Amino acid sequence: MNTIIIYVVTRHKCAACFQQFKKKEHLVAHMKISHHSVHQPKCGVCQKHCKSFESLREHISGPLAKAHCSSIFSQYGCQLCMKVFESPIFLAEHKDQCLLTAPACLGTINIPHIDYEALGDENYIGKCLKAVAIECQMVGCGSDGSLDELARVCLVDEEENIIFHAYVEPQISVTDYRYELTGLTEEHLIDAMPLKEAQEKISRILYNGESVGKARLDGGKAKLLVAHNLHHDLDCLLMSYPEKLLRDTATYRPLMKTNLVSHSLKYLTKTYLGYDIRLGTHDIFQDCVSVMRLYRRMRSQEHLDDRSATSCTKQNLTFDNQTSKDLENMSPDELFQISTPNYQCWCVDARPHDPPPDWNF
């Protein structure tokens, strides 16, 4: 009589991305480097967590999309915010609000500079941090016009009101106004504001009447600064700002490509807001508002608090304070509970203002 031996291969499945491993130690190693968390974009059908919204789109509509998720999403999912709804009726109602129209262009008319005096708010403590979006336009300097010099700057608040606008005097002679992109000519910069004055006015707005030291210490009343390629704008302004108060749509991980390369602002606006920008010249106001809208859309996402009261978080368990054996004895769900993100999710900005946590990058 022949004996049939059946070998059962145990698979260890990641609770976040559903990747499977033959050995538990491989799953633990995966969780340590993946930084899965409740803040990652998630499929509304199967609940799979993805590294970015681009990964999520590939999951539901790419060449190797999951058939079931793709079928459900095509009927009940919003292509802009990636949410899945209970019925086509709810989806239709949602799309009316989710699909935005392009803001009117400001153009390059010779409007006077616009600014306001920041006022201290005695009741600020306990409120959510307010954000300001900034957009700069550069002209070309140097012998070949490749050196960027600031020529125009615009700031808008969360309600899309212009709170500062000015043409700024370049520090050296302009050799290329880049008219096709900026719409600027020599005439626009005849009575331009000196850079130092622009810096002072912008600083008063951003720091909201408080000292730089206070903002660097715990944020204080200083505003969050939002932009696309933010560090380039700050470099051209010859300004610095506390890193923890910067919100850059070019380097925010959920908005980046799967390989962590930045998308253009034009792509992000079309993909997540539903309208086109930069069809001709790059309008500074339109770009500024689009950046603010992207930030607000990302901030409005509702995620579970990753520090919620679970058995793991109550004991303050982390990968660092557990032995390899302890980690291998944990279930996939428990491993997911102690996993932390390697970026600060913008949904945290919508919560009452507390000193930001120390994020591990």
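Which residues have the most contacts inside the largest nonpolar core? The exercises below treat a predicted model, in which local features need pLDDT of at least 70 and side-chain atom pairs count only at pLDDT 80 or more, while totals for chains, interfaces and linings use all residues. Residues are numbered from 1 along each chain as its sequence is written, and side-chain values use heavy atoms, without hydrogens and water.

**Exercise 1.** Describe the largest nonpolar core.

*Solution.* A nonpolar core is a set of buried Ala, Val, Leu, Ile, Met, Phe, Trp, Tyr and Cys residues joined through side-chain atoms within 4.5 Å, where buried means under 20% relative accessible area with a 1.4 Å probe, protein chains only. The largest such core has 67 residues, and those with the most contacts inside it are Ile134, Leu150, Val153, Leu155, Phe164 and Tyr241. Helix H10 gives the most to this core, with nine residues. A second, separate core has 15 residues, including Val28, Met31, Val38 and Leu335.

**Exercise 2.** Determine how H9 is oriented against H10.

*Solution.* The axes, lines fitted to C-alpha atoms over the stretch in contact, of H9 (residues 265-272) and H10 (residues 284-299) come within 10 Å and cross at roughly 55°.

**Exercise 3.** Decide whether His59 is buried or exposed.

*Solution.* His59 lies in helix H2 (residues 53-61), and because its relative accessibility is 7%, His59 counts as buried.

Key: Axes fitted to C-alpha atoms, helices over the stretch in contact; angles between N-to-C directions. Helix = DSSP H or I, 4+ residues; strand = E, 2+ residues; numbered from the N terminus. Buried < 20%, exposed > 50% of the residue type's maximum accessible area, 1.4 Å probe, protein only.
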